[in-house]
Structures are given as C-alpha cells and as structure tokens.
Amino acid sequence: MDKFTVLESVAAPLRIINIDTDMIIPKQYLKTIKRTGLGTGLFSEMRYREDGSENPDFVLNQPAYRNAQILVAGDNFGCGSSREHAPWALLDFGIRCVISTSFADIFYNNCFQNGILPIKVSAEDLEKLFDDAERGANATLTIDLENQEIRGPDGGTVKFDIDPFKKHCMLNGLDGIGLTMEKGSAIDSFEKKLSERAWA
C-alpha cells in the first residue's frame, strides 16, 4: 500500500448525500476479485449514458476534474452494502482522499485498508471545501496527514481528527498484511521455537 503523507490536487465536488456503494461501483462489476481495472466502472450509472458515451454533466467527466485525486462529497458517503470493490474502484480511478461529514463504518474502515484517506469534517467546513472545489482547475487542496489539516487555495485551513493508529498506518503505507509483516522476525522466532518443541 502506498504511503499517504501530503497530497495536493484539484478536488471534485459531488454534492450528493447518501452515495451508496452500488452507486460507487454497480453490481455488474463485482465479478472480479482483482483490485485493478475497476476505475472504468466508478460511478458508471452517472458517468455514462445508456449508449455507453460519457455524460458531460457528470463532474468527473469535466476537463477540470478528470485527474482529481480528492473527492468532496455529501453526507453519509459509502452507505449500503459492504463491498470492498468500492474503495478499489475509487483508488483505481485515482482518488486518494474522500472528504465528507460522515461515512458508513465499513466503507470508512475499508478505505484505510486500501490507501484512501477518508476525512470527516463539520457541515460548515464541508461547505467551504465545496466552494473551493467548485472553482475547478484554478484551485487545489492540500491534504497534510501529519499535521491533520486541509489547506485551501487562499490559505484557509481546516483541521481534522483521525484515529492515531489509522494515521500511523496511512503514513507508513501499512495495511493488515503490512502490519503482520512488520512482526516477521517475531513470528519466525515463535515458529522456530514451536518446531523445536515438537521435535523434543
């Protein structure tokens, strides 16, 4: 998993509440267990028309936001089913950070396991960030995880809280497997002792 330290990017505004995981990645894309290739299906029911062409009105199809790595979204993001394909699709598209007032618990935790930083802010701060994001390519946000702050294009700052353990994992690029591998020498030592006991 890639480390998350400081991210500077245009932020795409998605002023929709209750975006569920089926909207993020519809069920027809769930046949795969690969984490790659799902970016094309991200928000597909909003991104594409019935004939398969792009919907020019959808924010991620607009030139200013095609390469956005930050998503500013409405309340209760990631609700619905627990499919881990949702953060996989966001990451494969290039989204590394989602900012909202609240997230569904399972989606929130899945983000951390897949290198996406979900940030909870107040409704007032979210509105400020929407204002910044709606300025398009003329405005970028800087996410500074170490200092737990979002810096706007005009010098404004929004502070955010994060669980210290989750912060440590993100800064060091550690998912569940990475955390286990950190204990590799201790595990090897234990296995060796166990093996020696079995033959004693």
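## A buried threonine

T142 is buried, with a relative accessible area of 13%. Buried means under 20% relative accessible area, exposed means over 50%, and partly exposed lies in between (1.4 Å probe, protein chains only). T142 sits in strand β6. Leaving out residues up to four places away in sequence, T142 touches V6, L7, E8, E149, I150 and R151. Contact means heavy atoms within 4.5 Å. T142 and G152 are ten residues apart in sequence, yet 6.7 Å apart in space, C-alpha to C-alpha.

## The model and its numbering

This is a predicted model: local features need pLDDT of at least 70, side-chain atom pairs count only at pLDDT 80 or more, and totals for chains, interfaces and linings use all residues. Residues are numbered from 1 along each chain as its sequence is written, and side-chain values use heavy atoms, with hydrogens and water left out.

## The protein as a whole

The protein has eight helices and eight strands. Helices (H or I, at least four residues) and strands (E, at least two) are DSSP runs, numbered from the N terminus. Of the 200 residues, 46% count as buried. The protein exposes about 10,600 Å², and carbon and sulfur atoms supply 50% of that area. The areas come from the Shrake-Rupley method with a 1.4 Å probe; for residues, only the protein chains shown count as cover.

Take the contacts between residues at least 6 apart in sequence. Of these, 65% join residues at least 24 apart.

## A four-stranded sheet

Four strands form an open sheet in the order β1-β6-β7-β8, with antiparallel pairing. β1 (6–9) and β8 (157–159) stand at the edges. Each has a single partner strand, so one side of each is left without a neighbour in the sheet. Neighbouring strands are turned by 15 degrees against each other on average, direction ignored. Axes are lines fitted to C-alpha atoms, for helices over the stretch in contact, and angles run from 0 to 180 degrees between N-to-C directions.

Strand β6 (residues 141–144) and strand β7 (residues 149–151) pair in the antiparallel sense over three bridges. Two strands pair if DSSP finds at least two bridges between them. In this pair, I143 stands opposite I150 of β7.

## The nonpolar core

A nonpolar core is a set of buried Ala, Val, Leu, Ile, Met, Phe, Trp, Tyr and Cys residues joined through side-chain atoms within 4.5 Å. The largest one holds 55 residues. F43, F77, L90, I99, L117, I143 and I150 touch the most other members. Helix α3 (residues 85–93) gives the most to this core, with five residues.

I99 shows how such a residue is surrounded. Setting aside neighbours within four places in sequence, I99 is in contact with I70, L71, V72, A73, I119, V121, L126, L129, L141, I143 and I150.

## A buried serine

S44 is found in helix α2 (residues 44–47). S44 is buried, with a relative accessible area of 7%. Not counting residues up to four places away in sequence, S44 touches P26, Q28 and Y29.

## Two positive phi angles

Most residues other than glycine have a negative phi. N18 has a phi near 55 degrees, a positive value. N18 lies in the loop between β2 (11–14) and α1 (21–24). N18 is partly exposed, with a relative accessible area of 38%.

Phi of Q148 is also positive, near 55 degrees. Q148 lies in the loop between β6 and β7. At 19% relative accessibility, Q148 counts as buried.
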